[in-house]
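Colleague: I have a model open and want to learn how to read it. Where do we begin?

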Amino acid sequence: MTYLFPPAGVVGLPVAGSQALFPVRRVYCVGRNYAAHAREMGFDPDREPPFFFCKPNDAQSIVVVPAGETVTLPYPPLTQDYHHEVELVVAIGKAGKDIALDQAASHIAAYAVGLDMTRRDLQMKMREMGRPWEIGKAFDYSAPVGLLHPVASTGVVTRGEVALEVDGVARQKSDLTHLIWSVDEIIANLSTLFELQPGDLIFTGTPEGVGAVRSGQTLHAHIDGLTPITVRIA
């Protein structure tokens, strides 16, 4: 088969203990999944059904952050309020739709630390106008992801500190036990809307403490038991 121009390559994420890469298919994100973060964004944290948005799955959006390295992110255009959001990323390894809650964990292949970088001013403007969030959430270099850790080595991750520092100063700090919707519940609910496939990534939400970053600053994000990631804003 020939194409009018070379097709974009698949983004592959490194996997701990393996030479093989995890090919990314789709990137789903959960909105407002920590009560304290919902409050800081001006919302009632009552346990209403989760909602989702997506990021592109190409190399213009997903930034692979190798273990022990610092990756530079360009400061995005048309924003004066560029925010960090540290999140647990879940990698799906088995297909399924309408997945039962007690079977959700069996669809998990691995976990990683990720950042849902956000042009907050553009997101808020779109929200106020009742328009989609893409320009605030789905821009270039908006999804740094670290080393994937297979569930076979970590066990099912349900607790652990999730935190982020900017230039060594703590900004975000919480625990995965504070998720409004657990990872299993996220998977079960999302699978009623989309048929999940191997290669899908799910960003599970960020805790309180989100805030703006400036050019020249360094972000360090970690979750207990997973390889941390470090990015510098150009």
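Colleague: Which side chain meets glutamate 85 in a salt bridge?

Modeller: This is a predicted model, so treat every contact as computed. The partner is lysine 137, at 3.2 Å from N to O. Glutamate 85 sits in the loop between β7 and β8, and lysine 137 in helix α3, so the pair ties together parts 52 residues apart in sequence.

Colleague: Is glutamate 85 buried or exposed?

Modeller: Buried means under 20% relative accessible area. Glutamate 85 has 4%, so it is buried. Lysine 137 is buried too, at 3%.

Colleague: Which aspartate also meets lysine 137?

Modeller: Aspartate 116, at 2.8 Å from N to O. Aspartate 116 lies in the loop between β9 and β10, so this pair ties together parts 21 residues apart in sequence. Shared partners join Lys55, Glu85, Asp116, Arg120 and Lys137 into one network.

Colleague: What does aspartate 200 form a salt bridge with?

Modeller: Arginine 25, with the closest N and O atoms 2.9 Å apart. One partner is in the loop between α5 and β15, the other in the loop between β2 and β3, so the pair ties together parts 175 residues apart in sequence. Aspartate 200 is buried at 0% relative accessibility. Arginine 25 is partly exposed at 27%.

Colleague: How do I read the faces of a strand?

Modeller: In a regular strand, side chains alternate between the two faces of the sheet. Take β3, residues 27-30. Val27 and Cys29 are on one side, Tyr28 and Val30 on the other, and all are buried.

Colleague: Which strands pair with β3?

Modeller: β4 runs antiparallel to β3, with 4 bridges. Tyrosine 28 partners cysteine 54 there. β15 pairs with β3 in the parallel sense over 3 bridges. Cysteine 29 stands opposite phenylalanine 203 in β15.

Conventions: Residues numbered from 1 in each chain as written. Predicted model: local features only at pLDDT ≥ 70, side-chain atom pairs only at ≥ 80, totals over all residues. Heavy atoms only, no water. Buried < 20%, exposed > 50% of the residue type's maximum accessible area, 1.4 Å probe, protein only. Helix = DSSP H or I, 4+ residues; strand = E, 2+ residues; numbered from the N terminus. Pairing = 2+ DSSP bridges. Salt bridge = Lys/Arg side-chain N within 4 Å of Asp/Glu carboxyl O.
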